[in-house]
Amino acid sequence: MSLNRLIAELEKHQHAPTEQWDPPYCGEIPIRIDGDGCWYYQGSEIKRQALVKLFASVLVKEDDDYFLITPAEKVKIDVDDAPFMVVDWEQRTEDGESLLLLTTNIGDTLVLSSEHPLQIKDGVPYVVMPRELEAKVHRNVFYQWVSIAQTREVNGKEQWFLSSAGDTFVLGNLED
């Protein structure tokens with residue numbers, strides 16, 4: 001199996017074809033995703049994972065706003081930070097290439113790659129997901145990555161970095 005085919009197989013996502021729908025905007029609903037990727041309705045946590053996955057399958061981001069879109073309506077929801085969280089990972093080698101497989105809080109699997117890069121914003125790591133959504137990297141995962149990170153010198157400063165799918169991702173700079 002080729003590396004690209006393996007990555008495609010691992011990254012099967014169940015997202016509705018929201019780009020094909022143009023429903024009317026129907027206002028806001030009291031759904032909120034907190035900074036840990038937990039979903040709430042009217043202040044009560046939605047604990048049914050199947051329901052969270054259903055909502056996530058119709059979640060879209062437009063500019064800085066988040067919406068749930070169905071063929072019949074488009075409603076705005078609140079997202080405190082990123083809608084998802086990277087909660088687990090696995091390092092694998094395929095065709096001599098190192099891959100970091102990431103698992104989100106809703107069970108999606110991604111490969112850290114140029115398609116799903118790591119971004120550091122104000123010292124906090126995020127992974128770009130499909131449809132311009134993001135997953136914040138859980139602190140435990142970040143610390144585990146730091147323990148396996150390699151170092152290199154760039155412009156006189158040492159950097160921590162990870163390699164996955166032929167790409168290099170900077171975790172941060174080592175302080176002098």
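Trp-39 counts as buried because its relative accessibility is 1%, under the 20% cut-off. Keep in mind as we go that this is a predicted model. Trp-39 has an aromatic partner, Phe-55: the two ring centres are 6.1 Å apart and the planes meet at 15°, so the pair is stacked. This pairing links distant parts of the chain, with Trp-39 in strand β2 (residues 39-41) and Phe-55 in helix α2 (residues 49-56), 16 residues apart.

A further aromatic pair, Trp-89 with Trp-145, is edge-to-face, with 6.5 Å from centre to centre and 75° between the planes. Here the link runs between strand β7, which holds Trp-89, and helix α3, which holds Trp-145, 56 residues apart. Both of these tryptophans, Trp-89 and Trp-145, are buried.

Six strands make up an open sheet with mixed pairing, in the order β9-β8-β7-β12-β11-β10. At its edges are β9 (109-111) and β10 (118-121), each pairing on one side only. From one strand to the next, the twist averages 40°. Strands β7 (residues 84-94) and β8 run antiparallel and are joined by eight bridges; Glu-90, for instance, has Leu-101 in β8 as its bridge partner. Helix α3 (residues 139-148) lies across β7, β8, β10, β11 and β12, at about 30° to β7.

Let's finish in β8 (residues 97-104), where we find Thr-104. Thr-104 counts as buried because its relative accessibility is 3%. Among the residues Thr-104 touches are Val-86, Leu-110 and Met-129.

Terms used: Residues numbered from 1 in each chain as written. Predicted model: local features only at pLDDT ≥ 70, side-chain atom pairs only at ≥ 80, totals over all residues. Heavy atoms only, no water. Helix = DSSP H or I, 4+ residues; strand = E, 2+ residues; numbered from the N terminus. Buried < 20%, exposed > 50% of the residue type's maximum accessible area, 1.4 Å probe, protein only. Contact = heavy atoms within 4.5 Å. Pairing = 2+ DSSP bridges. Axes fitted to C-alpha atoms, helices over the stretch in contact; angles between N-to-C directions. Phe/Tyr/Trp six-rings, centres within 6.5 Å; stacked < 30°, edge-to-face > 60°. Lists of a residue's contacts leave out its neighbours within four places in sequence.
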